[in-house]
Amino acid sequence: MLTRLGSQVRAAIARPLHTNVLGLARTTLALSTMGTLLFSSASDIFRPAVGMPEVPHCGGLTRAGLFCVAGATNLELARWLAVALLAVVASGWRPRVTGVLHWYVASSLFTSGVLVDGGDQAATVLSCLLIPLTLTDPRRWHWEPPVEAADDPAVSGTRLSSMVARFIALTCLWAIRLQVAGIYFQAGVSKLRVTEWRDGTAVYYWFTDPWFGFAEPVRSLVMPVLTSGAAITAITWGSIALEVFLFAGLLATRRTRGVLLALGISFHAAIALVHGLLSFAMVMWAALILFLRPVEEEFGWLRRWTNHWKTLLQPSRALASSATGLLPRRSP
């Protein structure tokens, strides 16, 4: 029995772990936080609040955060530095280096900023749990194909320490899946405690809210749907059902998880369209990719796209190399 269990664990470790699935999720996650910092001034993100008169909010371990180290007088400079670092993360360059930087910037924003939301918290947790995966990623760019088994000591079994590192990374990936499943379970079940969600009218109030709902003239166009009892009840209860189904994706088949992934991405796209929460939607898109897409199953369309650009860049690289070769060499 133990021998069989050991074989199963070894087979799981031997599967491709660093693919463009991981790359797409990291890029989406980094672009979300980068967008928040890019389109929000420091005075909007860092401002006094009840119980937090200092700007930025620094206390305990948060003093080591980027914005606390920069201080109140250099918040704009720190904001642009954070944007630059996240742009490097989103590019996919050197995951081993940028994985820790991603978490550092995301956690610095969440712990020291005031106007942050659940998306920023989720981004901090996800970027932290991704660190073991990035530290074991030998690729130069996270868009590259996974390393062949023969070239990876962890897979070939020549180094026990590498196998342990990959096992830790795989464990963190499962921790991410459990975390995301928990988010959707809590989101779906907690709504049942609210009267408006139980009677099927909650979505009407959210969609017509002057701050978070549809803006004119869209509101007038969709009002016939919003005032239809059957339609608004279906949308309200459909949202709860979808969140519960997304939680159940933890035990679903691969084909079912693919359907749930498409539904989940569409769901958060709709929320972003109605409420304008694009950064939150991008965080949840990244979370859904890590949760529902088997990491060893690369996105074919993304592989074709990266190969296309790699082919286009090869002539320019060859030209640069030939031009370098034509330069006169200095005699020793």
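The following conversation goes through a predicted model and the reasons behind some of the words used to describe it.

Reader: Happy to start with the overview. What makes up the secondary structure of the protein?

Author: The protein has 17 helices and zero strands. Of its 332 residues, 40% are buried. Among contacts with a separation of 6 or more, 74% join residues 24 or more positions apart.

Reader: How are two packed helices described?

Author: By the angle between their axes and the distance between those axes.

Reader: Which residues of α2 and α5 meet?

Author: From α2 come Arg26, Thr27, Ala30, Leu31, Thr33, Met34, Leu37 and Leu38, and from α5 come Arg79, Trp80, Ala82, Val83, Leu86, Ala87, Val89 and Ala90. By class, twelve of these residues are nonpolar, two are polar and two are charged.

Reader: Let me pick leucine 37 from that group. How do you know that leucine 37 is buried?

Author: Buried means under 20% relative accessible area. Leucine 37 has 0%, so it is buried. This residue sits in helix α2, and its C-alpha atom is 6.5 Å from that of valine 83, a residue 46 places away along the chain.

Reader: What is leucine 37 in contact with, leaving aside its neighbours within four places in sequence?

Author: Its partners are Ile45, Phe67, Arg79, Ala82, Val83, Leu86, Val105 and Leu109. Arg79, Ala82, Val83 and Leu86 are also among the α5 residues that meet α2.

Reader: Now for α2 and helix α16. What makes α2 roughly antiparallel to α16?

Author: The axes of α2 and α16 (residues 278-292) come within 8 Å and cross at roughly 165°. Since that angle is over 145 degrees, α2 is roughly antiparallel to α16. Here too α2 makes a left-handed crossing.

Reader: Which residues form the contact of α2 with α16?

Author: On the α2 side they are Val21, Leu22, Leu24, Ala25, Thr28, Leu29, Leu31, Ser32 and Thr36, and on the α16 side Ser279, Met282, Val283, Trp285, Ala286, Ile289 and Leu290. The contact has twelve nonpolar, four polar and no charged residues.

Reader: Where does α7 come in, and at what angle do α7 and α16 cross?

Author: Helix α7 (residues 118-129) and α16 cross at roughly 35°, and their axes come within 8 Å. That crossing is left-handed. Gly118, Gly119, Ala122, Ala123 and Leu126 in α7 meet Phe280, Val283 and Ala287 in α16. Six of these residues are nonpolar, two polar and none charged.

Reader: Let's turn to threonine 136. Why is threonine 136 called buried?

Author: Its relative accessible area is 16%, and the limit is under 20%, so threonine 136 counts as buried. It lies in the loop between α8 (131-135) and α9 (153-156).

Reader: What makes the pairing of threonine 136 with histidine 18 a polar contact?

Author: The N or O atoms of such a pair must be within 3.5 Å. The side chains of threonine 136 and histidine 18 pair at 3.0 Å. The threonine 136 side chain also reaches the backbone oxygen of leucine 133 at 3.2 Å. Beyond its neighbours within four places in sequence, threonine 136 is in contact with His18, Arg96, Ala165, Arg166 and Ala169.

Reader: And serine 108: buried or exposed?

Author: Serine 108 is buried, because 2% is under the 20% limit. Serine 108 belongs to helix α6, and its side chain reaches the backbone oxygen of tyrosine 104 at 2.6 Å.

Reader: Last one. Why is arginine 94 called partly exposed?

Author: Arginine 94 has 34%, so that is its class. Its place is in the loop between α5 and α6 (95-112). Most residues other than glycine have a negative phi. Arginine 94, not a glycine, has a positive phi of about 45°.

Definitions and conventions
Residues are numbered from 1 along each chain as its sequence is written. This is a predicted model: local features need pLDDT of at least 70, side-chain atom pairs count only at pLDDT 80 or more; totals for chains, interfaces and linings use all residues. Side-chain values use heavy atoms; hydrogens and water are left out. Contact means heavy atoms within 4.5 Å. Helices (H or I, at least four residues) and strands (E, at least two) are DSSP runs, numbered from the N terminus. Ala, Val, Leu, Ile, Met, Phe, Trp, Tyr, Cys and Pro count as nonpolar, Asp, Glu, Lys and Arg as charged, and the others, Gly among them, as polar. Buried means under 20% relative accessible area, exposed over 50%, partly exposed in between (1.4 Å probe, protein chains only). A polar contact is a pair of N or O atoms within 3.5 Å; within protein, one must be able to donate a hydrogen and the other to accept it, and residues adjacent in sequence count only if both atoms are side-chain atoms. Axes are lines fitted to C-alpha atoms, for helices over the stretch in contact, and angles run from 0 to 180 degrees between N-to-C directions. Angles under 35 degrees count as roughly parallel, over 145 as roughly antiparallel, 65 to 115 as roughly perpendicular and the rest as oblique. A crossing is left-handed if the near helix is turned anticlockwise from the far one by less than a right angle, and right-handed if clockwise.
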